[in-house]
Every structure is written in structure tokens, then in C-alpha cells.
Amino acid sequence: MVPTCQCCPCSFLFPNVCKFIAICFYCVAGKARKLKDLMLKSDNRVCADCGAPDPKWASANIGVFLCLKCGDVHRALGPDISKVLSVTLDDWSDSDIDSMVEVGGNSYANSIYEAFLPKDHPKPKMDSTMEYRTKYIRAKYETQDFLKPSLRISSKTSFDSTNSVKSVNSNFSSTSRKHVIEDTREFVGELNITVVRGTQLAIRDMLTSDPYVILTLGEQKVQTTVKKSDLNPVWNEVLKLSVPRNYGPIKLQVYDHDLFSADDIMGEAEIDLQPMITAAMAFGDPSRLGDMQIGRWFMTKDNALMKDSTVNVVGGKVKQEVLLKLQNVESGEMELEVEWVPLL
């Protein structure tokens, strides 16, 4: 009987692996590709803790890429807190790769572990002393000083070998997280997005433009009204979108309305929903919380943010202010306010 791959029906087994695990070449290559693609994101090209370039190590259960020095500190924490692997030398299990991909890397993990990082508590730099580096990393992951105190995991036994940002969230609010995971409905929540204003939008007519905004999420598309002859329009219009279980980013596009020809594009940007939804699910019912910050979407080279965007509980609702620099255009900024509405 010819053995088949444990991941697919293929019988073309990978020769260096099949002695131990029945897995074909295509599956091995595919899983390695997932990790490589994740490493190529700009925020994953630097160490999650000190910013050193070209990290060669990773914490598979936390979901971050690390330099050698920070990796040594993580290794000293023990595998029950941080499972350190070389991205080039070690053999990665399917669960380790899946955990890294599910978290998304440094930016997403830091949006949880550094959500409450004080402004007067600087992160280590690549040339920081080992003493300060160790103190910071232990505060970040072991004692979790930059998380809300009531959400800190009180003992190492709360961690397991598959711990990630997702499983940290499960420990924070197991009831609400379980409800979302087991929910078989098509949507997990709704968004009220206030398109506040545009600033210094691009000229597409003789001296001005007639702008309007389109937001797209999956198959859903919503649109503002057209503002006649206005490069600094104020909309303050609320657009509603339902969030599917397998959501991606919201695509924002600004167009110039024309009567006699196709509307001209005036720039675009993407709104990453994961920081807001991750934080909202971790904290549970916001009506029981006071006004506070619960998460953060970090500005990176890969996104259109003009500054870090914090996720806050305001008046019992989860809200986020977003300031975007429009992409693929000569000028233009957009200001929005996003509100998360969980399903009852």
C-alpha cells in the first residue's frame, strides 16, 4: 500500500520527511511559504521588542519575530511563556506556523501586549543594554504590565504550547470568545463608520472636485453623498457595514463625481479591523467598563495611518478614531470614527 500525505490525497511524499511524517512536497513547500510571506511584511522585518532589523528568531506561541538578543531573553522566560524558534534552522510544526499566521506578526501582537504602554516607558533599542532589554520583555510578556490589570494571566500555567494572541484573548474573556467561535451565523458584528471629513483632496476638475466616499467590505458597498466643489469636505455621515466571520480590511475609495464621464479616483486606503475587533472581543461587554483605552492599531510603512489609532471604550461603546493618508494620489487625508456593535 502506497502511503499518502497526511494533509492531502497526494502520494508523492517528501523524501526527507516521509521517514517520520507522511507529508508531500507540495504541502511542505506551502507551509514554508506561509511563514516566508509573513516574514516579508515590513513590520515583521524588525524585532517586535527592540526594532533591530532582519530578525532571525520568532516566538511561535506569541506570534512575533525577534532578534538574537531579544530571542535569548524570551528563551529564558521558558517555553510555557515564549516558545522560541529559529526561522531558518529549526523545524516548524504545522501548529507553530498556523499560530504565527493567525496572529499576523509583530503589529497585531503588539496591539495587545503594548496596548497600555506608558509614553514615559520607552521600548528597548537595538543597542540597549541586556539589563534594560530583559526588564522590558519580562514586563511585557511575563508580568504583562502593559495590559489592563484585570486581564493579566496570573500564572504560567495559564499558558500552553499553542498560546497566541488569540488564545490570550480566550483567557481574557473565554465566554465572549467562545460565543464568537461557535457562532454559526454569517456575521459577528456590525460597524457604524462616521465619515467625518476630507482634507486637501486632489483636484480632478478645473480647479476643484466633487468628492464622495465608497467603503467596501466583502460584497458590501456603502457610499456618502457628493460634496460639490469642495476639496475639504465635511460629511459627518454614518455608514453601516456588517462584519462577516472571515472579515478582511475595509477598502476606502474617494471619487470625483462627473456628469458626462466616468468618475475619477481621488485616492484610496485600507482600514484594518483586526485591532479593534480583537480588543472588543477580549474585553467583552463594553457597557460594563468605564472610559478607557483597550487597544491600538499601529502606524507602519504598510498601512495608510498618519498616526497610531487607539481603540477606546467611550460611554459604554467601543470606538476608534482613524486618520488616513490617501494612497496612489498626489494629496488628501480622510478622518473617520469607527464604532463596533456586537451581535446580541
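Which residues of helix 8 are buried? They are Pro 275, Met 276, Ile 277, Thr 278, Ala 279, Ala 280, Met 281, Ala 282 and Phe 283. The model is predicted, and the mean pLDDT of the protein chain is 82, with 79% of its residues at 70 or more.

**Helix 8**
- Helix 8 spans residues 274-283, and nine of its 10 residues are buried, so the rest of the structure largely encloses this helix.
- Gly 284 follows helix 8 and has a positive phi, near 75°.

**Confidence**
- Residues 154-164 have pLDDT under 50 throughout, and the model gives this stretch 25 contacts beyond four places in sequence.
- Residues 166-184 also have pLDDT below 50, and the model has 31 contacts for this stretch beyond near neighbours in sequence.

**Aromatic pairs**
- The count of aromatic pairs comes to three.
- One of them is formed by Tyr 136 and Phe 146, with 5.5 Å centre to centre and 35° between the planes, and is tilted.
- Tyr 136 belongs to helix 5 (residues 130-142), while Phe 146 lies in the loop between helix 5 and helix 6 (165-172); the two are 10 residues apart.
- Tyr 136 has a relative accessibility of 1% and therefore counts as buried, the cut-off being under 20%.
- Phe 146 has a relative accessible area of 3%, and is therefore buried by that cut-off too.
- Tyr 212 and Tyr 255 form a stacked pair, because their ring centres are 5.8 Å apart and their planes meet at 20°, where planes under 30 degrees apart count as stacked.
- This second pair links distant parts of the chain: Tyr 212 is in strand 5 (residues 211-217) and Tyr 255 is in strand 8 (residues 250-256), 43 residues apart.
- Both Tyr 212 and Tyr 255 are buried.

**Charge over a ring**
- Arg 75 places its charged end over the ring of Trp 57, at 5.0 Å from the ring centre.

**Strand pairing around strand 13**
- Strand 13 (residues 333-342) pairs with strand 4 (residues 187-199) in the antiparallel sense, over 10 bridges.
- Within strand 13, Pro 342 is the bridge partner of Gly 189.
- Strand 13 also pairs with strand 12 (residues 317-325), again in the antiparallel sense, over eight bridges.
- Glu 335 in strand 13 is the bridge partner of Leu 323.

Definitions and conventions: Residues are numbered from 1 along each chain as its sequence is written. This is a predicted model: local features need pLDDT of at least 70, side-chain atom pairs count only at pLDDT 80 or more; totals for chains, interfaces and linings use all residues. Side-chain values use heavy atoms; hydrogens and water are left out. Buried means under 20% relative accessible area, exposed over 50%, partly exposed in between (1.4 Å probe, protein chains only). Helices (H or I, at least four residues) and strands (E, at least two) are DSSP runs, numbered from the N terminus. pLDDT is the predictor's confidence in each residue, from 0 to 100. Contact means heavy atoms within 4.5 Å. Rings of Phe, Tyr and Trp (its six-membered ring) pair if their centres lie within 6.5 Å; planes under 30 degrees apart count as stacked, over 60 as edge-to-face and the rest as tilted. A charge sits over a ring if NZ of Lys or CZ of Arg is within 6 Å of the ring centre and within 35 degrees of the ring normal. Two strands pair if DSSP finds at least two bridges between them.
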